[in-house]
Amino acid sequence: GAQLFRDLVTGERDSLELRAPTPTTSSSADDQVPLALYQRYIEMVDRLTATRQACTVDNFATSDIRYSRQTAQVSISAPTADDGSTAFTDFDITSGDVVPKIQLFTAWSEATFSAVADSAFSLESIILGQHAEALGAALESKYIQGLTSGGSVTEMEALFSDQGKDITAAAGTWTVADLIKGYLQLAGTGYYYQPGSFVISGAVAEDILGSTDGNDRLLLQMSAQSSAADDVPFRVFGKPVYVTSGAAADASGSVQACFVTKDAYHVQDVGSIRFTRDQYTAASRGAVRLVSSWRSSGWFVRPEGHVAMKSA
């Protein structure tokens, strides 16, 4: 992995695709990034992206993608009489489809010719870290808040959006009970017992993590002997809680948290993460530019398994 990046920054190669290796006996396998390096990059991005941890991530070779989307909860009304005097109840499964619009995210770093010549190996960690942080932050902001283009044309759907089930709580006073109330909106549906997670903003996390009982003990501590010196296991109702960096400022009407079942929101990654060496743009400053690009998007597939939580 280090040698491949050395070749990139020193000009031995002009581009590099960061992708998991596939079993092959051809010489093309020599150009593939080792699995450990690929996993390292993905882990860094996922760590910065709550959406990718809480939701389903799909990988595609091309952007020709189509999902089947459920648009309403299926329900059955009166049963058919045993003697056959009444007809079967007619109902629509209310499903449709969605064609995700893939977006291109890019980040770049510059390295001077001196740095390339003197410390090419150490540049690997710097490049990986900088680009993972930049792309992770950009991706998370769009996953959470969505992206529109040309007025009402939706380019990416927002995880923090109202999909038909929602609750409100007073801004600045979020509690564990508010998260539980949101989760219980799924009671009586087919999504209540499905695996899922809470995704909350930093403002909500600040309120909840600091919540105490009458004895000034943090509510999320596991035992009466715990104190603020102990790490807080951030789970509510047995469900993991992820804190996102991509939420909008806490204001009246803004979604600040959600509960999402694993299959409700899908992230679509297309192709591989590509690094490109640009030796011309910054040449007059004695530097080489290294550009990374990643194609991704996010869309609801089962919106009935999602609950939005908004500030009143």
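Q: In which strand is the place of Thr261?
A: The model is a predicted one, and the strand asked about covers residues 255-261. The place of Thr261 is therefore in strand β12.

Q: Is Thr261 buried or exposed?
A: Leaving aside residues up to four places away in sequence, Thr261 touches Leu186, Tyr191, Gln194, Pro195, Gly196 and Gly305. Because its relative accessibility is 0% and the cut-off for this class is under 20%, Thr261 counts as buried.

Q: Which strands stand at the edges of the open sheet?
A: The sheet has 6 strands with mixed pairing, in the order β8-β15-β12-β9-β11-β10. Two of these strands have a single partner each, so one side of each is left without a neighbour in the sheet. The edge strands are β8 (166-169) and β10 (235-236).

Q: Which residue in β15 does Val260 stand opposite?
A: Strand β12 is joined by 5 bridges to β15 (residues 306-311), and the two run antiparallel. Within β15, the residue opposite Val260 is His306.

Q: How many residues apart in sequence are the parts that Glu304 and Lys165 tie together?
A: Glu304 forms a salt bridge with Lys165, with the closest N and O atoms 2.9 Å apart. Glu304 lies in the loop between β14 (287-300) and β15, while Lys165 lies in the loop between β7 and β8, so the parts tied together are 139 residues apart.

Q: What is the distance between the closest N and O atoms of Asp166 and Lys310?
A: Asp166 is in strand β8 and Lys310 in strand β15, so placed that the pair links distant parts of the chain. The two residues form a salt bridge in which the closest N and O atoms are apart by 3.9 Å.

Conventions. Residues numbered from 1 in each chain as written. Predicted model: local features only at pLDDT ≥ 70, side-chain atom pairs only at ≥ 80, totals over all residues. Heavy atoms only, no water. Helix = DSSP H or I, 4+ residues; strand = E, 2+ residues; numbered from the N terminus. Buried < 20%, exposed > 50% of the residue type's maximum accessible area, 1.4 Å probe, protein only. Contact = heavy atoms within 4.5 Å. Pairing = 2+ DSSP bridges. Salt bridge = Lys/Arg side-chain N within 4 Å of Asp/Glu carboxyl O.
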